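Let's take a walk through this model together. Have the viewer ready and follow along as we go.

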Amino acid sequence: MSFMEDESSESGRAGRTRMESYFFSCELSSQVPFYTFQGDEDEDVEHYLDIRTVCLGTGAKEESNVVEVTALNHRGKKVSVPVANLHVSCLPMVSMGEFEVKAPVTFRLKSGTGPVCVSGFHLVAFEDDTDSEVSEDLEEIDDDIIPIKPAKKKQKL
């Protein structure tokens with residue numbers, strides 16, 4: 001899946017960002033209590049996780065399973081937040097809506113033995129440089145166009 005999105009840069013000029021999305025899933029258990037997702041260290045690419053569901057897997061015990069997410073906040077500081085408290089008999093699944101976090105992200109099974117499945121989409125944002133030349137050409141054409149003035153109405157005597 002791929003789509004284009006307009007964004008304005010710090011310089012005030014509009015730029016184009018191309019987004020691709022891929023299905024993402026990981027399973028947490030007592031054997032694997034945490035999972036860290038980290039994107040490539042490319043300058044022109046940003047990685048996000050759009051978490052959709054957190055649910056208990058097959059064979060989960062009658063216990064409380066707390067899932068915690070650790071990511072950077074808007075100030076660049078690491079923050080850990082419990083996002084789901086799952087239990088077989090009362091809450092086996094939580095829908096997160098479109099809970100989007102920027103990579104790197106760590107999921108941790110804070111309590112319980114699981115298995116717990118975390119799923120959603122891996123979003124990759126690319127800066128699209130090919131459109132910048134086209135937009136510059138369009139701006140030059142816009143400058144050359146002479147505006148059309150409306151015709152004057154004749155008054156009846």
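**Starting from one bridge**

Glu46 sits opposite Ala125, a residue of strand 9; strands here, like helices, are DSSP runs numbered from the N terminus (E, at least two residues, for strands; H or I, at least four, for helices). Before going further, note that this is a predicted model: local features need pLDDT of at least 70, side-chain atom pairs count only at pLDDT 80 or more, and totals for chains, interfaces and linings use all residues. Residues are numbered from 1 along each chain as its sequence is written, and side-chain values use heavy atoms, with hydrogens and water left out.

Back to that bridge. Strand 4 and strand 9 run antiparallel to each other over 11 bridges, where pairing asks for at least two DSSP bridges between two strands. Strand 4 also has an antiparallel partner in strand 7, this time over 7 bridges. In that pairing, Thr53 stands across from Ser95 of strand 7. How much of strand 4 is buried? Of its 12 residues (45-56), 9 are buried, so the strand is largely enclosed by the rest of the structure. Buried here means under 20% relative accessible area, exposed means over 50%, and partly exposed is what lies in between (1.4 Å probe, protein chains only).

Now look at Ala125 itself. Its relative accessibility is 10%, so Ala125 counts as buried. Leaving out residues up to four places away in sequence, Ala125 touches Thr17, Arg18, Met19, Asp44, Val45, Glu46 and Tyr48; a contact means heavy atoms within 4.5 Å.

**Along strand 9 to a histidine pair**

Stay in strand 9 (residues 116-127) and you come to His122. Is His122 buried or exposed? His122 is at 15% relative accessibility, so it counts as buried. Its side chain makes a 2.9 Å polar contact with the side chain of His47. For a polar contact, a pair of N or O atoms must lie within 3.5 Å; within protein, one must be able to donate a hydrogen and the other to accept it, and residues adjacent in sequence count only if both atoms are side-chain atoms. With residues up to four places away again left out, the contacts of His122 include Tyr22, Phe24, Phe37, His47 and Tyr48.

**The rings**

Across the whole structure, a search turns up 3 aromatic pairs. The rule is that rings of Phe, Tyr and Trp (its six-membered ring) pair if their centres lie within 6.5 Å; planes under 30 degrees apart are stacked, over 60 edge-to-face, and the rest tilted. Phe24 and Tyr35 have ring centres 6.0 Å apart and planes at 45°, so that pair is tilted. Phe24 belongs to strand 2 (residues 14-28) and Tyr35 to strand 3 (residues 34-37), so the pair ties together parts that are 11 residues apart in sequence. Tyr35 is partly exposed, at 32% relative accessibility.

For Phe24 and Phe37, the ring centres are 5.8 Å apart and the planes are at 75°, so this pair is edge-to-face. Phe24, Tyr35, Phe37 and Phe107 together form one aromatic cluster.

There's a charge over a ring to look at as well: Arg18 lies over the face of Phe126, 4.5 Å from the ring centre. That label needs NZ of Lys or CZ of Arg within 6 Å of the ring centre and within 35 degrees of the ring normal.

**Two cis bonds**

Most peptide bonds are trans. Ala103 and Pro104, however, are joined by a cis peptide bond with omega about 5°. Pro104 sits in the loop between strand 7 (93-102) and strand 8 (105-111). The bond from Gly114 to Pro115 is cis too, with omega near 0°, and Pro115 is in the loop between strand 8 and strand 9.

**Zooming out**

Finally, the whole chain. It has 1 helix and 9 strands, running β-β-β-β-β-β-β-β-β-α from the N terminus on. Of its 157 residues, 31% are buried. Among contacts between residues at least 6 apart in sequence, 74% join residues at least 24 apart.
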